[in-house]
Amino acid sequence: MTNPLDYLPSAKEVGTYDPQALVNNFSDLHPPLTDRQAIIESQRCLYCYDAPCVEACPSDIDVPSFIRQISDSNINGAAETILKANILGGSCARVCPTEILCERSCVRNHDAECQPVLIGLLQRHATDNMQFEQHPFTRAASTGQHIAVVGAGPAGLSCAHRLAMFGHQVTIFEAEQKPGGLNEYGIARYKMTDDFAHKEVAFLLEIGGIDIQYGQRLGSNLALSTLRQQYDSVFIGLGLGASRALGLTGEEAPGLMPAVEYIKTLRQATDLGSLPVSKRCIVIGAGNTAIDMATQMSRLGATEVTLVYRRGLEAMSATDHEQEIAKANGVRIVTWAQPDEIMLDTQGRVAGMRFAKTVEQAGRLMPTGETFELAAEAIFKAIGQGFDDTSLSDATAAELDRDGERIHVDEMFRTSLPNVYAGGDCVQAGQDLTVQAVQHGKLAAHAIHQALAAKQEAA
Amino acid sequence: MKTDTFTSSPFPSFGKKSSGDSIVNGVDLSVNFAGIKAPNPFWLASAPPTDKAYNVVRAYEAGWGGVVWKTLGEEPAAVNVSSRYSAHYGKNREVIGFNNIELITDRSLEINLQEITQVKKDWPDRALIVSIMVPCNEEAWAYILPLVEATGADGIELNLGCPHGMPERGMGAAVGQDPDLIEKVTYWCKKHYSKPVIVKLTPNITDIRVGAQAALRGGADAVSLINTINSITSIDLDAMAAKPTVGHQSTHGGYCGSAVKPIAMNMVAEIARDPATPTLPISGIGGISSWRDAAEFIALGSGSVQVCTAAMLNGFRIVEEMKDGLSRWMADKGYDSIEAFSRKAIPHTTDWKHLDINFKTIAQIDQDLCIECGRCYIACEDTSHQSIAKLTEQDGARRYEVIEDECVGCNLCQITCPVENCITMVPQETGQPFLAWDNDPRNPFQVAS
């Protein structure tokens, strides 16, 4: 949905339009390794003992083991090693910030070569090239227990798959019309090509015992109280559906919209040329979504893309690697400036933005008093996500204890309500990573299974 | 059109050493091996690269000091199968070992003799040795030897080691595995041939010294070793047949290349330090691919070295790097001839019982170089002496420390460490005198010292 921008020209009408070039602009950012490259790269792994990369992986993938399996040309074995720890290992191989996780901890960084093993690309090689005649994981005998999962994003899918392995029946309630969550709707198009998110979910569901109901939104046509009554346990993997507001006058003006909304449309677009593009645009934010937005705008044909952040580069949550991608795509990054006023034209549409320069004093961000203006026909806000109002409006969900705005869970992923568990972006502050969500879902499934088994034993 | 990289250049000698020059980087690389002179010790072994004049001339042009012409046999010439070689690969597709099931020359004796005559005439300064294998009766040898002598070649090498095909016909390794036959055939050769006779030994035996002693008794001027080792390099797990696959079948071949170098060096050293063959010249063969390999063989008693697999994998040009590297190393060490460092490692090569039981060395880990991979720890913990401690620094970094009292100095940690010079083995001052096992009171068969 790009309604706020629909008066802008389409990508077709901006600059010299070459449909093939446009498609190429959104092809794989990092092309996969060939078989030979994968074998050669796998040889670089030192097969460390108690490997630092495993410690760094939020989903506990046994990295040395799967790489050794690749070096033995045992691709299915490698894939299974990855997937048994992380059923969404294929998408994590694409979207994980490996440069701050496994690859940063690789001991080869300290070796003569000073280059980590390309763990992410090797993981992708294994998961892209696996060929199973049937799903590699099997279901335990049916437990007769039925669990409700709210949200078919990485956390919910991971939880559902593990619960299915334990022999539980799972029903997932998904607000959108497709599964995958941010993998389907929220990641830059060139990071997840060829409908990969969809294919990965189809593979995951092959285990059986998982049913997904679409268009089911908590607080709208779905009530947590009902789920608690009808199911043996509930797992909430809502994500963070709402974009934070700038809190400025004119926030509803045509030309201003949340980056996630635009990216969602871009990801689903069959004709990239039909997307609205502003030649000059501004992205507010410092995370990967801001980078994805700015870079994709540039690749769609925008000529002046400025990313503005109120603090310095080192404070950006987007990694150096991500920042480099943006710069390589002609994105200008302006730091130490925060939105001050949305500038509108005579028709009330976005014409630009005034920024207040900032400075940090004793740990606090202060305006310096200086301002500057940037002209732009579109402004994208990517300053973080929160719960959307509808899910909060569910009477029972509103009762859940919070950590700040997120749902509070204990180390077993239990919420303050009995039999209700939660995981993924909706619980964990800090780095909202796909791989983290997958781990939450998996661990919550173990906790749910244990609790149900204990209950059955007691009965 | 035939092109020749060495003569077609408009600047034929510019920047290029004369390929036959024995002086390289100011060092004399020439050898006199059992009476056979060559400008350098790098010879091509009897094998496909020395099958005909075309290859041999290219080898000489490239700078090889000598060539052992691929084995001649009696008429009719051998017939080879199609699909002849296979490899034992490392993970990066580097060839670790090489295997062949090719027989001796499949060209006529007459053509081979003509070509040998012409090549020797054209290249008088290079060693040209003819490999021969005929049935184990004196008439066969008495027939062929005068024909070979007439070519003017510098000597012969008896192929008593071919491990595949020929032994089934009573030749090759079938002779080399029987000391009496080695002696007999060598004797016939010395009787019917006036120039140096080199006996090529098979490693497919239990004690290489027995073959060398038999050759010496027969009157051999030198031995060369090793010939190839019986091998199967790999099985195609779909076809369930070894490689090289001939139709649906395979057979064992002869193994060579880098993988056999340690086996060959031991056998060369065994003969070099055998009191029964103390001065028998040895032409070292087996996995020699670099100047360093050659230097090692020479240090163990080789007077020349023969190369095959490295040339087959890279072409003849490798000799240039071998000569350059060897001569620079020699100049650096002050060795002015091959002779000057030949056998230098023999005095330090001995039987286990003569080693110093009081010597002690222990591992030392350079913490600045350590990349914290933990390989040394798990190797020692699982398979050796539990003498590396795994510690965690305050900042979470791993730290591996040698438990000196437990370390037996086995070298395993140093071997498995991926970082060069991170783990060193440091000899310890024990204050104990040299003590060989022979004289150790713990030895029930102690010899009074």
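User: Which residues of helix α1 in chain B are buried?
Analyst: In this predicted model, B:Val56, B:Ala59 and B:Tyr60 are buried in α1 (residues 53-62). Buried is 20 or more other C-beta atoms within 10 Å of a residue's own, with C-beta atoms placed from the backbone. Helices (H or I, at least four residues) and strands (E, at least two) are DSSP runs, numbered from the N terminus.

User: Why are they on the same side of α1(B)?
Analyst: Because they cover an arc of only 95° around the axis, the arc being that of the directions from the helix axis to the C-beta atoms. An α-helix has 3.6 residues a turn, so residues three or four places apart point the same way.

User: What covers the buried residues of α1(B)?
Analyst: The cover includes β5 (42-44), β6 and α2 (109-122) of chain B, going by contacts, meaning C-beta atoms placed from the backbone within 7 Å.

User: And what follows α1(B)?
Analyst: B:Gly63, with a positive phi near 115°.

User: How many bridges join β6 to β9 in chain B?
Analyst: Five, between parallel strands at residues 66-72 and 127-132. B:Val67, for one, has B:Leu128 as its bridge partner in β9(B). Strands pair if DSSP finds at least two bridges between them.

User: Which sheet is that in chain B, with β6 and β9?
Analyst: A closed barrel of eight strands with parallel pairing, β5-β6-β9-β10-β11-β12-β17-β18.

User: How's the numbering and confidence handled?
Analyst: Residues count from 1 along each chain as its sequence is written, while chains are lettered from A and ligands numbered from 1 in written order. Local features need pLDDT of at least 70, side-chain atom pairs count only at pLDDT 80 or more, and totals for chains, interfaces and linings use all residues.

Definitions and conventions. Buried ≥ 20, exposed ≤ 12 C-beta atoms within 10 Å, placed from the backbone. Contact = placed C-beta atoms within 7 Å.
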